[in-house]
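Dear colleague,

Here is the structure we spoke about, with notes on its aromatic side chains to follow. Please have it open while you read.

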Amino acid sequence: MFPIIRQRQLSESVFEMDVEAPAVARKAKAGQFFMLRVDEHGERIPLTFSDWSPSDGWIRFIFMRVGKTTHQLSHLVVGDSLTDVVGPLGVPTHVEGVGRVAVVGGGVGAAVAYPVARAMAEAGSDVTVILGARNRELLILEDEFRALPLKELVVVTDDGSAGRRALVTEPLKELCEASALDHSMAIGPAIMMKFCAATAREFGVPITVSLNPIMVDGTGMCGACRVSVAGETKFGCVDGPDFDGHAVDFEELMSRQRVYSDLEREADADFSRECSCHR
Amino acid sequence: MPPVDDTPAEKPRRRPSRAPRTPMPERDASERARDFAEVSLGYSEEQAVAEANRCLQCKNPTCIEGCPVNIDIKSFIARIIDGEYAAGVAVLKQRNALPAACGRVCPQEEQCEASCVLARTKEPVAIGRLERWLGDFDLACDLEHRCVPEVGEPSGASVAVVGSGPSGLACAGELRRRGHAVTVFESLHAPGGVLTYGIPEFRLPKSIVQAEIEMLRVMGVEVVTDVVVGATYTLDELLAEEGFDAVFIGSGAGLPLFLGIPGENLNGVYSANEFLTRVNLMKAYEFPAYDTPVWRGRKVAVVGGGNVAMDAARTAKRLGAEEVFLVYRRSEEEMPARREEVHHAQQEGIEFKMLCSPLEILGHDGFVTGMLATRMELGEADASGRRAPMCVVGSEFVIDCDTVIVALGTKANPLIAKTAPDLALTRRGYIAANDHGATNKPGVFAGGDIVTGSATVILAMGAGKKAASAIDRWLAERRG
């Protein structure tokens, strides 16, 4: 069992949770993920983390309430435990010597962008972070990013309620236009990563994307997470989650992410009904 | 565990029964294809004794050589004949920690039963069914009356076993018997490997698997779930930091193979591994009581001809599919699946489309709508002796289906190799190990599917046991 030692609500639907897991916290690296299960009846879901402490043995997960499992997670409080935390899985993000780089973190993708940008900056790269969200309420980790030794932090929201009123692709395009980038990275919803890749492609700037396909075991055994990269099938869990954004078939990824949406809605509706009964 | 006396007692000469092989009681196909309860019901005591009495008790029991772990078959059958069931269990457990599982899933017809003297003229003794019956007899006893193999004097050495599937469990049990401390690391949340995630409930109930693993725990084997060796710990960390003297890698089958044809990433295309893991390990058949969903196809095409393909097809049927097709490029005769599984699948209404190979998976809006396939014919026998299938030109046709399950086997999982660059691999990425399971890395041994590629439960167990002996010798040499 993996006890929850701190919990914080970052917005109406985004939550942060520190979980005690000393064996795995020792090994975490930026860009990786963990598989977890809430209880004995739970599904296995991949979850990204924004921070961790090898010495104190905890991992900080950030998640958005979207379906039953994340809904259930959001109801847990300090003292509750997760049944399973497995990892760290996936290939860590390449952070050494990336030169002048833009890291785009959209929505909850900011949770992954944070340790990635930090590691890149620590490795001596020139890091600009573009932090985006639909609105101020959904913008997360702004203070944390401000505390990093970045070249610049650009905050954008769709409605202008915080930072610039823009999509993340606008500042990315400006950086590309100014020939200010050797590399770029995008982490967020598939549709955002798709448009970031399209923007970078115009200027011949390489882009790494961190994909979030559906997974079951997370160790390569099932192939649920397969994605087409340069026409070849890759497994998100063992080959990724980072891939060349110019080679990823985003349409396929988005279609595959929706495969269980009806069933997921059904499960979450059941859970919500159950919850309101207990209240 | 009482010591087993193998010297034959003075007994009046017995006359073996000449009755035909006792059939296995099974649930009716139309009833069983609607739920996940076990298909084969197992012998009653009377049936087990009647079947045991068919055994000739040969002077030179060839059946034992046919068993990959050399169970003393003659002796355990003799104990059934004598009504000494607990002693029979003890004989089994000398060689096999998982008799109730192996009695159900071993391909006995190619192993012990193929070597039975009776098989030359009539039907062999149903050795597998008798093994299952004894295994079940043991599990039906109270915990304190079950047969727990004797554990050796503590050796002071400790061994990490990577993977809790057949090879890992066999290795762990054997090492404990020799007095070594054993910790088994499982990457999933439940132990058992393929016995848990792969083989369906209706063929191998999960309660049986967990009960047999529980007996290993009683022997002192520690089982730790949620640990991915290669991620949570590297091999070097296990040896240098976690205090293990040796490691056995039995991490099992790897990444599922796909066909490499267009449409394979459409929604509704599963690897058999994913489909079976969702249903068996995650209990998707009880969705939404369990959270993991599975796509319940109306018309399901399963590609492949092995036991896993049969398991997937029969599982799809149980999830409510109206039609399930088994698409295989050779003919029924060449199918690698056990005859019993093929027979059960046919009884349950799985439609066999033999000499038929997929060309493309068709879809609309991201979801599967059918499969374009071609007829095949068998050409000359190749080097392996199997006749090579060849496309019949112009014979393309469409199979109407909304789900495709690909059961073509697996390739090596790279997780451990990636974090142990000094571990020698074969050209195909499997771990290179000698006949005793030793790898090129001192103190590291390996066996089962991660060495051989996809094989059977009992072959993996045999490899695990062999490696345990090698580990035992290696530890002794190191102590000097």
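F137(B) counts as partly exposed, because its relative accessibility is 27% (buried means under 20% relative accessible area, exposed over 50% and partly exposed in between, with a 1.4 Å probe and protein chains only). The rings of F185(B) and Y233(B) are tilted, because their centres are 5.9 Å apart and their planes stand at 50° (rings of Phe, Tyr and Trp, the last by its six-membered ring, pair if their centres lie within 6.5 Å, and planes under 30 degrees apart count as stacked, over 60 as edge-to-face and the rest as tilted). F185(B) counts as buried at 8% relative accessibility, and Y233(B) is buried as well, with a relative accessible area of 11%.

Please note that this is a predicted model, in which local features need pLDDT of at least 70 and side-chain atom pairs count only at pLDDT 80 or more, whereas totals for chains, interfaces and linings use all residues. Residues are numbered from 1 along each chain as its sequence is written, chains are lettered from A and ligands numbered from 1 in the order in which they are written, and side-chain values use heavy atoms, with hydrogens and water left out.

Over all chains, the structure holds 16 aromatic pairs. One of them is the tilted pair of W133(B) and F137(B), at 6.0 Å centre to centre with 35° between the planes, and W133(B) counts as buried at 10% relative accessibility.

In chain A, one aromatic cluster is formed by F34(A), F49(A), W52(A) and F61(A).

Best regards
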